[in-house]
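Trainee: Could we go through the charged side chains of this model together, one step at a time?

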Amino acid sequence: MNVENLLKKLESLRRSLRFKLIFGLLTIVFLMGALSVYLGVSSINRNVIREAYDNVKNSLKAINDLYQEEIKSRARIVEYLSRTSEIVNATASGNREYLYEKLLQIKEEFGFDIVNVVKPDGTILVRANNFEAYGDSVAHYKYIQWVLRNKKPAAGTGVLGYENIKKEGQDLAERTLIPIIPTPKARPQRKEMEERALVLKTVSPIFQRGRLVGVLYAAVLLNNNDRFVDRFKKLIFKEEKIKGKDVGTITIFLDDVRVATNVVDKNGRRAVGTLISEEVYKKVYEHGQDWLGRAFVVNDYYLSGYTRITDIEGQPIGMLYVGILEAKFSGILRRTALMYFLLIFLMTVIAIYVSTYLVNLYTRPINRLIKATAEIARGNYHLLDIPPEESAEIRELEEYFNEMVKAIEERDQRLKDLAERTILRSEKLASVGRLASGIAHEINNPLTGILTYSSLLAEELKGTPYEEDLKTIKEETLRCRKIVRGLLDFARDYKPEKVSTNLNSLIEEALQLLEKHVNFHNIKIVKDFDPNLPEVKVDADEFRSVINNLAVNAADAMPNGGQLTISTRFDPSANQVIIRVADTGIGISEENLKKIFEPFFTTKEKGKGTGLGLAMTYGVIKRHNGTIDVKSKVGEGTEFIIKLPVE
Ligand SMILES: Nc1ncnc2c1ncn2[C@@H]1O[C@H](COP(=O)(O)OP(=O)(O)O)[C@@H](O)[C@H]1O
Ligand SMILES: [Mg+2]
């Protein structure tokens, strides 16, 4: 893998790690957020709605209480008036003029629409609304009937027919009439006009000395009675408005018809004459149950409450309604939900910030490691600067990393040195070799001449004093030739004749010849051969002289005896044969170790060494595509290691 690819891989690794971490954390954050939004909003929703209905329920109770209180307080007034001596005496004596004055006064003062005195037989004695109209019977009125029969006061809600209300005056009759107006979702319409009147009635018997002399009858007409509903609305809802619309509304129904209301239609008119929905009508009017719910009233949604109004006999005659504009609660809901959303949003932002911070905190050291790794790949061995604020685990990791960097750098340096030495040596040897072989060729022929002629002369001058000198010339010339041969062996540039050879037996043969030599007399030779050594292609002659050279050098290094160990091994992983020649001799100094393969380098006394043995050995091994190495310690011994490739 080249460096650029490695760097790309590392970078994408870093990115995907970071992405996974951030993605994982954000998923958690968003899931939590969504869950809390869901739970929060539904809980807010539930609470606001519950609150809203409580509100409607309380308002419905309040309006009912107010309505009943209104009836009671009016009943108390009428009861009181029926006992005043003026009324009692005037009724008993049939003083219509006086009573008329009195009744008009009562009507004005207490806000009644109808005030009548009725005789015990049920006929009208005096009408406050019309002095002329009297004598007609009202004995069929439920409340009059009840009071005449029970001789006790009564009060409540009742219904007056159009004919009856007409007798009370034209203005009241006009107020009574309510045209029915169709609206969406209303009950089906059954008539064009509501002609009946819903009235709040109070009736009290008039006694004179225990004898019933008449009945005081006072009533409030509820049809189109705005003052009535508006006063209730103000008491319960104050003046609260949303977008110009009253938040709270109150309605009084006669049967299913709105007869008094402050619910308004699109045009801002009171929705008098509109009808209730079938569903509510059934439940409230027919079954007498209160109704709480969301209802479409005229043209808006209201949270509404309905309760039934009954007459003195307990018969249903109408309903009370309170409605609170739904917009009020949806507004609260919106505001609360918005606040909640903001809160969640803020928390999400914080969570994102924190998770990114954490991810960076943990990916920062990884980034550092990746950068440093890339640098190492380029060959720059920088140690990591470990920031002290990092956690212990990260620091430990980075320290290990630094150790590794140091180890790699050291190894790298050793390899470099070795390579440098090898290159240097082989170049030096190559140039020296070329020079030497050139000289050797040139010198070889003249040497043959010198040898021939000095031998001839020695024959001629046998027995003369020159004989000894000529012998010396002959010996020195022979030595020269030996040197030249060595040089030629070292620098030979022809290809060796390689044949498959069993190195174990070749070495064995070479050693057998040597063992007899004087030098080896007190040296122990140890052979450690690999029996499964594969055959290797070598030039047998050349290789024999390699073993010779190494063995003789070893023997020279052990003048007082020692051990020579020769081993062979096969290394299948590198597919090569390894031959080691080790001695227990004097060793080679660091200084000399660099020079021993150079031709003519020798530490041996003059005439003994030529300094060509190892140079030649080196040449042979190189020509066989092998390597030769040496390890040595002064005073302990030396080991030569030859590695040859197996083809
Ligand atoms: N086994 C060894 N132990 C110690 N020194 C050695 C050994 N082999 C070689 N040397 C050293 O290397 C030198 C060169 O060896 P070589 O090239 O064979 O030349 P020569 O044997 O003629 O000196 C020797 O002079 C000796 O100093
Ligand atoms: Mg030698």
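Trainee: Where is the place of aspartate 311?

Mentor: This is a predicted model, in which local features need pLDDT of at least 70 and side-chain atom pairs count only at pLDDT 80 or more, while totals for chains, interfaces and linings use all residues. Residues are numbered from 1 along each chain as its sequence is written, chains are lettered from A and ligands numbered from 1 in the order in which they are written, and side-chain values use heavy atoms, with hydrogens and water left out. With strands taken as DSSP runs of E of at least two residues and helices as runs of H or I of at least four, numbered from the N terminus, the place of aspartate 311 is in the loop between β13 and β14.

Trainee: Is aspartate 311 buried or exposed?

Mentor: Buried means under 20% relative accessible area, exposed means over 50%, and partly exposed lies in between, using a 1.4 Å probe and protein chains only. Because aspartate 311 has 8% relative accessibility, this residue counts as buried.

Trainee: With which side chain does the side chain of aspartate 311 make a polar contact?

Mentor: A polar contact is a pair of N or O atoms within 3.5 Å; within protein, one must be able to donate a hydrogen and the other to accept it, and residues adjacent in sequence count only if both atoms are side-chain atoms. At 2.8 Å, the partner of aspartate 311 is the side chain of lysine 142.

Trainee: Which residue forms a salt bridge with lysine 142?

Mentor: A salt bridge is a side-chain nitrogen of Lys or Arg within 4 Å of a carboxyl oxygen of Asp or Glu. For lysine 142, the closest N and O atoms of the pair are 3.1 Å apart, and the partner is glutamate 313.

Mentor: The side chains of glutamate 240 and lysine 328 meet in a salt bridge, at 3.4 Å from N to O. Glutamate 240 lies in the loop between α7 (226-237) and β8 (241-242), whereas lysine 328 lies in helix α9 (residues 326-378), so the parts tied together are apart in sequence by 88 residues.

Trainee: How many salt bridges does the structure hold?

Mentor: Another of them joins the side chains of arginine 569 and aspartate 528, at 2.9 Å from N to O. The number of salt bridges that the structure holds is 35.
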